[in-house]
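These are my notebook entries on a structure that I looked through today. I began with the backbone, then turned to the helix packing and the cores.

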Amino acid sequence: MSTDLKSSNQESNTAKAQGLAQCHVCNLLIDIDESIDNYCPRCDSKIHMRIYDSLQRCWALTICSLIAFIPANAYPIMTILYFGKGQPDTILSGIVLLLKFGMYPIAAIVFIASFVVPLAKIIGLFVLLLSLRNKSKLTKQQRTKMYRYIELFGRWSMLDVFVVALLVALVEIGAVVEVVAGPGATAFGIMVILTIFAANSFDPRLLWDEEDNEMALTKEKKNKR
């Protein structure tokens, strides 16, 4: 790194440029030395300037979650037995069947929680990851908001699994309709776990590091002229 680049980074008013990092456990802001292992003086947790291998892990987990999304929707996730008769259904065909039975609120919950939210999370993670490799039309503020929404959805991701579990437990009470979980539920659970890990492994501070690098390169170009 050239002298000009170092001075440019020092001029940027960010915690990283000033050698500060926040403890992810107790949120204490401390000075760190990146050449050695750093531990929080308050809670003794290991502190990193950025999450180690954040992008590599997030890419791997997001791609795996996309792969798991395919069998989760291709294989039957549940079987709805009507008077003892029925056939296995995927998520989408199950939603159609719920609509035929007039279970509109349950069909809406299954569609949003089991199809829209997981797909939106995967697409959102890909958008964030690609925005760090290529120029994006979205601003850093918009991408940060997108990550917050993905993180927010992540807290409710297990709702998808709970929906299937509740359908199996509650609907089975009736003598007319019975719901049995199918093999697609396993792939669905794996996909949910992978998306949670992928969102947690993404470090949103990398979005703002890009700004520091751009500022430093711009100033370096100006100094060369």
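In which loop is N27 found? I located N27 in the loop between β1 (20-22) and β2 (29-31). I worked from a predicted model, in which local features need pLDDT of at least 70, side-chain atom pairs count only at pLDDT 80 or more, and totals for chains, interfaces and linings use all residues. Residues are numbered from 1 along each chain as its sequence is written, and side-chain values use heavy atoms, with hydrogens and water left out.

**Entry 1: backbone.** I noted that N27 is not a glycine, yet has a positive phi of about 65°. N27 is partly exposed, at a relative accessible area of 48%; buried means under 20%, exposed over 50%, and partly exposed in between (1.4 Å probe, protein chains only). I then looked up D53, which is not a glycine either and has a positive phi of about 50°. D53 sits in the loop between β4 (46-47) and α2, and is partly exposed, with a relative accessible area of 33%.

**Entry 2: whole chain.** I recorded eight helices and seven strands; these are DSSP runs, helices being H or I of at least four residues and strands E of at least two, numbered from the N terminus. Of the 225 residues in the chain, 38% are buried.

**Entry 3: α2 and α7.** I found that the axes of these helices come within 8 Å and cross at roughly 160°. Axes are lines fitted to C-alpha atoms over the stretch in contact, and angles run from 0 to 180 degrees between N-to-C directions. Therefore α2 is roughly antiparallel to α7, a term for angles over 145 degrees. Residues of α2 including L61, F69 and A72 meet residues of α7 including F188, M191 and L194. By class, I listed 14 nonpolar, six polar and one charged residues in the contact of α2 with α7.

**Entry 4: cores.** I looked up the largest nonpolar core, which has 19 residues; such a core is a set of buried Ala, Val, Leu, Ile, Met, Phe, Trp, Tyr and Cys residues joined through side-chain atoms within 4.5 Å. I91, F188 and M191 have the most contacts inside this core. Two or more residues each come from α2 (54-74), α3 (91-100), α4 (104-133) and α7 (184-201). Leaving aside residues up to four places away in sequence, I91 touches A72, N73, I77, V110, S114 and F188, a contact being heavy atoms within 4.5 Å. Apart from this core lies another, of ten residues, including C58, L125, Y147 and I150.

Definitions and conventions. Parallel < 35°, antiparallel > 145°, perpendicular 65-115°, else oblique. Nonpolar A, V, L, I, M, F, W, Y, C, P; charged D, E, K, R; others polar.
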